[in-house]
Amino acid sequence: MPKLERPDLSLHYEVTGNGPPLLLLAGFMSDHASWTPLVPLLAGHFSCIAPDNRTTGQTTPWDAPVSVKHMADDAVALMDHLGHDRFHIVGHSMGGIIALDIAAHVPARVSSASIAASAPVRLARNTALFSSLITIRRSNAAPSTWLRALFPWLFNPDLFDDPTSVDAAVADSLAYPHAQSADAMAHQLTALRGFDGANLAQPECPTQTLIGGVDLIIPPAHILRVLGHLPHHIIDQAGHSIHWDAPTEVADHIIAFAKQNPI
């Protein structure tokens, strides 16, 4: 299990595939396993490098200081550690914000950035949603309750036409041995509460956005209002978990954009 020892934490990461380096930055509550449907589609084109962000997965301790800047610095340090002067980035949700922070501070190192279901905005509604989910997790409700409350926000509504699919997604989440705890989730939420992305909307490196047409967490209008000047692709039937709802389309856009902007 590869680790990068940082001054205040031990950063777990996974490397899969061969080719130019592609840094995969997961969203809120998620670790490297978030990329499960996408990595098989990308590994033939890239060396896919997926860290567990602070508070998630096998990165320890879970309560190390956390902010968007902390996580961006961790990611750049990881690429230094692996010897990659330049690299491509894909960031999903909060990971997209981290990617934009990297693009703002070290643009010469980023050959291309694909920002998926994300924009440098802070929506009070989402903070309230996550706070409510933490409250449910800390209550005496069944462990599956908070997941069943979360999933309608994440996925294409068609998923819920088949109750067995929802049950399977819940079971897989509950069985995952490195799932983020409620306390770690609350700690990570501090990164979003204190976030100000006013200076991140004009990346100096080649950047595209991938937008879920039925995304409830970061609706298309919010993304286009802030990042509409960038090349963008709307995937009509994808929700916030765009790379789970439409992995092939997402992978195709990432591969094509990276080829347009080679290292």
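1. The model is predicted, so local features need pLDDT of at least 70 and side-chain atom pairs count only at pLDDT 80 or more, while totals for chains, interfaces and linings use all residues. Residues are numbered from 1 along each chain as its sequence is written, and side-chain values use heavy atoms, with hydrogens and water left out. Helices (H or I, at least four residues) and strands (E, at least two) are DSSP runs, numbered from the N terminus.

2. The axes of helix 2 (residues 68-81) and helix 3 (residues 94-105) come within 9 Å and cross at roughly 70 degrees. Axes are lines fitted to C-alpha atoms, for helices over the stretch in contact, and angles run from 0 to 180 degrees between N-to-C directions. Helix 2 is therefore roughly perpendicular to helix 3 (65 to 115 degrees; under 35 is roughly parallel, over 145 roughly antiparallel, the rest oblique).

3. The contact (heavy atoms within 4.5 Å) involves Val 68, Lys 69, Met 71, Ala 72, Ala 75 and Val 76 of helix 2, and Met 94, Ile 97, Ile 98, Asp 101, Ile 102 and His 105 of helix 3. By class, the contact of helix 2 with helix 3 has nine nonpolar, one polar and two charged residues. Ala, Val, Leu, Ile, Met, Phe, Trp, Tyr, Cys and Pro count as nonpolar, Asp, Glu, Lys and Arg as charged, and the others, Gly among them, as polar.

4. For helix 5 (residues 145-154) and helix 6 (residues 163-175), the axes come within 10 Å and cross at roughly 120 degrees. These two helices are therefore oblique to each other, and their crossing is right-handed.

5. Eight strands form an open sheet in the order 1-2-4-3-5-6-7-8, with mixed pairing (two strands pair if DSSP finds at least two bridges between them). Strand 1 (3-5) and strand 8 are the edges, each pairing on one side only.

6. Strand 3 (residues 21-25) and strand 5 (residues 87-92) run parallel, joined by four bridges. Leu 23 stands opposite Ile 89 in strand 5.

7. Strand 7 (residues 207-212) and strand 8 (residues 232-235) also run parallel, with four bridges; Gly 212 has Ile 235 of strand 8 as its bridge partner.

Conventions: A crossing is left-handed if the near helix is turned anticlockwise from the far one by less than a right angle, and right-handed if clockwise.
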